[in-house]
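Biologist: Could we go through this model together? I would like to begin with how its helices cross.

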Amino acid sequence: MEVFTRWRTWDAARADLESSGDGARVDLGALAAAADAARRWHGDQRRPTGDPYVEHLLEALEVLVRGAGVTDPAMLSAVLLHDVVEDTPATLADVEDAFGPEVAELVDWVTKPPAGGAGRQAKRAAKSAYLRRLRDAPPEAILVKLADRVSNVQRLDRMPPDFQRRYYAETVTYIVPLAEPHPWFAAWYGEWREAFSHLR
């Protein structure tokens, strides 16, 4: 199973894209603008592992470019911005003003709405409804979500055991079926399921 952790900063990602020749296939200017906005909006946020949050966004970008071979500027910008509405003060209007309606629509599809009530049950119900809704998303939004989840599960073993089991089950139930029409993602998630099969 390939792990995507080489791009820790936008500068590192850009240098790698330029040196590999992929810089000619993607819009580096649009990506730089999206990376800068994501860095500003997320600020000093950290992942549960303690890593800077921006690393998650760059991992998801690396998945789309290096793994799935995506070059579409809107999808690549959206993957860098996919959590700004959910996790920062930024709004969809902010995203649309800065990056246009196509990027904003993709971000909207992958933004989990707030829970309808307080407590763990309400949060889990809202998340399940959101994950089920993704079945109706356009293919571009699904690819953004698939890349996001690759970043989140590729090193699942770094998380607490209870979280690992719950997140494995959620991924197998809701995300893996979304990958089936996309050969690269279907293969990656198949290898991932095998690598983490002890969590079944």
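Biologist: Which hand does the crossing of α6 and α7 have?
Modeller: The crossing of α6 and α7 is right-handed; a crossing counts as right-handed if the near helix is turned clockwise from the far one by less than a right angle, and left-handed if anticlockwise. This is a predicted model, in which local features need pLDDT of at least 70 and side-chain atom pairs count only at pLDDT 80 or more, while totals for chains, interfaces and linings use all residues. Residues are numbered from 1 along each chain as its sequence is written, and side-chain values use heavy atoms, with hydrogens and water left out.

Biologist: At what angle do α6 and α7 pack?
Modeller: Helix α6 (residues 92–99) and helix α7 (residues 101–109) pack at about 150°, and their axes are 7 Å apart. That makes α6 roughly antiparallel to α7. Angles under 35 degrees count as roughly parallel, over 145 as roughly antiparallel, 65 to 115 as roughly perpendicular and the rest as oblique. Axes are lines fitted to C-alpha atoms, for helices over the stretch in contact, and angles run from 0 to 180 degrees between N-to-C directions. Helices (H or I, at least four residues) are DSSP runs numbered from the N terminus, as are strands (E, at least two).

Biologist: And what about α8 and α10?
Modeller: α8 and α10 pack at an angle of about 30°, with axes 10 Å apart. They are therefore roughly parallel to each other, and their crossing is right-handed.

Biologist: Now to pockets: what is the volume of the largest one?
Modeller: The largest pocket has a volume of about 1000 Å³. On a 1 Å grid over the protein atoms alone, a pocket is an open set of points where a 1.4 Å probe fits, with protein on both sides within 12 Å along at least five of seven lines; lining residues have an atom within 4 Å of a point. Grid points are joined across faces, edges and corners, and the volume is the space filled by probe spheres set on the points.

Biologist: Which residues are closest to the centre of the largest pocket?
Modeller: Of its 36 lining residues, Lys-112, Lys-127, Phe-163, Tyr-167 and Glu-170 are the closest to the centre.

Biologist: Which element gives the most to the lining of the largest pocket?
Modeller: That element is α8, with 8 residues. Among the others that give two or more are α3 (53–67) and α9 (139–153).
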